[in-house]
Amino acid sequence: MNNQQRIGYSSLAKILRLIILVVICNTTAAINFPAHAADAEPTLNNIECLFNWAQTFYPNLFSPPVSGTQSSSPYTYRHYTGTNAYLGVSSADNHVYYLRPDGTLQDVGDLSTWLGTSGCGERPYPVIFIHGIASSAETWVLFRDYLISNGLWTFGGIPAYDPATGTASITCPSAVECTGDAGDFYTLNFTDNQGLSLDAQGGELAAVIKAVLDANPGKTKVLLVSHSMGALAAREYLQGLARESNAAATIPYRKDVAKLITVGAPHQGSFWAEACNDTSIGIPDITGSVSICDLVSTDIDPNSVAIEDLKPNSSALNILNNLTAHPLPPDVAYVSIIATGQSTLVGLIDFKDGDGIVSDTDQDLKTVAKTLPQQKSVRIAVPFRECGNKIDVPTIGEIGETHTCETTDIGVGGEILKNLQ
């Protein structure tokens with residue numbers, strides 16, 4: 001580039017005060033999910049959401065964080081003083097532009113593409129976030145707060161099942177912006193996700209989905225984002241196996257789910273569920289104190305119904321994974337987000353990659369449902385942080401888990417956002 005070109009780019013920056021984003025996107029190619037995108041003009045909220053996403057997930061390019069926007073027709077933009085970069089959108093062509101610190105101007109593509117990548121596009125369906133074992137709606141609190149403050153999503157609240165009525169109602173946590181009614185997303189609470197079997201959890205989810213759709217007239221489906229055992233509860237409903245507690249009859253799937261996203265899901269169970277209440281697990285010098293109950297820093301009851309169902313080849317999992325008898329709906333899109341980076345016991349002394357609790361193979365729905373037309377799997381390396389835990393296993397050594405870090409991991413969060421359209 002010659003000096004005249006550099007001066008031209010510098011002048012452009014000063015005059016237009018423009019620019020935007022070099023987004024690093026090295027993700028697995030998307031499958032053909034059902035298309036719902038509209039041709040509506042993007043709003044200022046869409047653009048601000050995109051800028052918030054860029055500075056949250058790529059602070060090395062866009063910092064310090066900036067709120068609001070500036071404009072110089074036809075551009076809406078932000079200037080990042082720390083990195084001396086501009087991020088902007090042109091209303092002339094609805095393209096995103098990035099002005100690099102060296103004065104290089106880049107057109108990085110159509111705005112609609114980046115709105116889909118960032119989760120800032122159209123919201124055709126309400127999203128329900130499902131927690132895992134020994135957890136609650138609080139497991140999604142950081143993601144919830146991001147969607148409210150940065151994604152500019154409307155939080156509908158926390159749906160919970162009432163066994164007395166067989167229905168679910170929606171409430172709002174204190175000090176959180178929430179409607180308690182219609183909304184873009186919800187974070188459910190199971191009544192007791194250790195004392196409930198997988199099919200009973202699926203029954204509660206069925207009631208929650210109905211309550212969310214009742215609160216959003218005109219919406220006919222939801223998106224489900226599930227962590228850990230919550231994915232199995234979702235599958236119980238989708239496969240027509242869900243039931244109310246203490247009821248024999250199952251609840252038919254109502255064709256009201258557009259997509260299921262699973263994170264760290266034990267689709268084929270977890271070896272640690274077997275080790276949780278075994279006093280020896282067959283390895284010399286290993287006692288019952290070395291178990292999933294020690295590895296995961298939560299209050300897990302080793303004798304619970306949920307732990308029994310999570311054992312590989314448990315009766316519940318054998319039924320759930322018999323897709324010939326109980327198929328997954330083929331018109332639902334499925335995304336397996338697979339957390340990796342931790343050696344994970346899958347047998348007495350056998351290890352695979354995974355999150356320390358569930359192996360990469362067992363997290364992948366494709367391993368179970370090989371022929372579904374609309375499914376993809378994405379591997380995310382989740383680094384060990386304080387949210388994880390480590391134990392020292394005699395004769396084996398130190399084992400760590402990041403399973404409990406997955407709902408707050410930035411890589412996992414970015415992948416969820418890409419799939420919320």
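Is Glu48 buried or exposed? Glu48 is buried, with a relative accessible area of 17%. Here buried means under 20% relative accessible area, exposed means over 50%, and partly exposed lies in between (1.4 Å probe, protein chains only).

The model is predicted; local features need pLDDT of at least 70, side-chain atom pairs count only at pLDDT 80 or more, and totals for chains, interfaces and linings use all residues. Residues are numbered from 1 along each chain as its sequence is written, and side-chain values use heavy atoms, with hydrogens and water left out.

Side chains of opposite charge can pair when their charged atoms come close. A salt bridge was scored as a side-chain nitrogen of Lys or Arg within 4 Å of a carboxyl oxygen of Asp or Glu. The search of the whole structure finds 11 salt bridges. One of them joins the side chains of Glu48 and Arg78, at 3.7 Å from N to O. Glu48 belongs to helix α2 (residues 44-57) and Arg78 to strand β2 (residues 75-80), so the pair ties together parts that are 30 residues apart in sequence. Helices (H or I, at least four residues) and strands (E, at least two) are DSSP runs, numbered from the N terminus. Arg78 is also buried, with a relative accessible area of 2%.

A second pair is formed by Arg123 and Asp184. Their side chains meet in a salt bridge of 3.2 Å, N to O. This pair links distant parts of the chain, 61 residues apart. Arg123 sits in the loop between α3 (111-118) and β6 (127-130). Asp184 sits in the loop between β8 (167-171) and β9 (185-187). Arg123 is partly exposed, at 21% relative accessible area, whereas Asp184 is buried, at 18%.

Arg144 and Asp145 also pair through their side chains, with an N to O distance of 3.0 Å. Arg144 counts as buried at 8% relative accessibility. Asp145 is partly exposed, with a relative accessible area of 33%. Elsewhere, Asp353, Asp360 and Arg379 are linked in a network of salt bridges.

The description ends with Thr402. Thr402 lies in the loop between β17 (397-401) and α12 (410-418). Thr402 is buried, with a relative accessible area of 0%. Contacts were taken as heavy atoms within 4.5 Å. Leaving aside residues up to four places away in sequence, Thr402 touches Gln342, Asp355, Val382, Pro383 and Phe384.
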